[in-house]
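Thanks for coming, everyone. Please have a look at what is on the screen first.

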Amino acid sequence: MKQKFDQPPYNFSIELYTYWKAKKHGFVIKRAPLRFENRKHGTSSWNKGLRSKMKLSIQMICDSVKIRIGSFKEK
C-alpha cells in the first residue's frame, strides 16, 4: 500500500486519503471498534471550541473534494 502513495495530504485528511487509496486499489477494509475515553493528562492542541471544529470540518471537506477529483497526485 505504501508504494501507492504519491504526495498525500499531511494533516488529518491522511486517514481519509489512505482509506480512499486502499478502496481504489482493491484492498479489503477491516474496521476495529474503538472506544474513546477522556484524557488522563493534557489537553487537545486543536480542539479549542466551535471555531476550531468548524475550521477542521471545512479543511476535511476541502481535502475530501481534492482527493475525489485527484488534486492529490497518485501513481
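Let me start with a definition: buried means under 20% relative accessible area, exposed means over 50%, and partly exposed is in between, with a 1.4 Å probe and protein chains only. By that rule, 16% of the 75 residues of the protein count as buried.

Now the ground rules. This is a predicted model, so local features need pLDDT of at least 70, side-chain atom pairs count only at pLDDT 80 or more, and totals for chains, interfaces and linings use all residues. Residues are numbered from 1 along each chain as its sequence is written, and side-chain values use heavy atoms, with hydrogens and water left out.

Next, the overall picture. The secondary structure comes to two helices and zero strands. Those are DSSP runs, numbered from the N terminus: H or I with at least four residues for helices, E with at least two for strands. The accessible surface of the protein is about 6800 Å², and 57% of that belongs to carbon and sulfur atoms. Those areas come from the Shrake-Rupley method with a 1.4 Å probe; for residues, only the protein chains shown count as cover.

Contacts next. A contact means heavy atoms within 4.5 Å. Take the contacts with a separation of 6 or more: residues 24 or more positions apart account for 57% of them.

On to the helices. In H1, the buried residues are Tyr17, Trp20, Lys21 and Ala22. Their cover includes H2. Just after H1, Gly26 takes a positive phi of about 80°.

H2 has 20 residues. From first C-alpha to last, H2 reaches 29 Å, close to the 28 Å expected at 1.5 Å a residue. The expected span here is 1.5 Å times one less than the number of residues.

Which residues are buried in H2? Ser52, Asp63 and Ile67. They cover an arc of only 45° around the axis, so they sit on the same side of H2. That arc is taken over the directions from the helix axis to the C-beta atoms. The buried residues of H2 pack against H1. The face turned away from the buried side carries the exposed residues Leu50, Arg51, Ile61, Arg68 and Ile69.

Zoom in on Ser52. Why does Ser52 count as buried? Because its relative accessible area is 17%. Leaving out residues up to four places away in sequence, Ser52 touches Trp46 and Asn47.

Past the end of H2 comes Gly70, with a positive phi near 90°. Ser71 is in the segment after H2. Ser71 counts as partly exposed because its relative accessibility is 42%. Ser71 and Pro8 are 63 residues apart in sequence, yet 9.8 Å apart in space, C-alpha to C-alpha.

Back to the loop between helix H1 (14-24) and helix H2 (50-69), where Ile29 has its place. Ile29 is at 30% relative accessibility, so it counts as partly exposed. Together, Tyr19, Phe27 and Ile29 make a nonpolar surface patch of about 240 Å². Patches use residues with over 30% relative accessible area and no salt bridge; like charges are joined within 9 Å, nonpolar side chains (Val, Leu, Ile, Met, Phe, Trp, Tyr) within 5 Å.

Last item: charges. The structure holds one salt bridge, meaning a side-chain nitrogen of Lys or Arg within 4 Å of a carboxyl oxygen of Asp or Glu. The partners are Glu37 and Arg35, at 2.4 Å, N to O. Both Glu37 and Arg35 are exposed.
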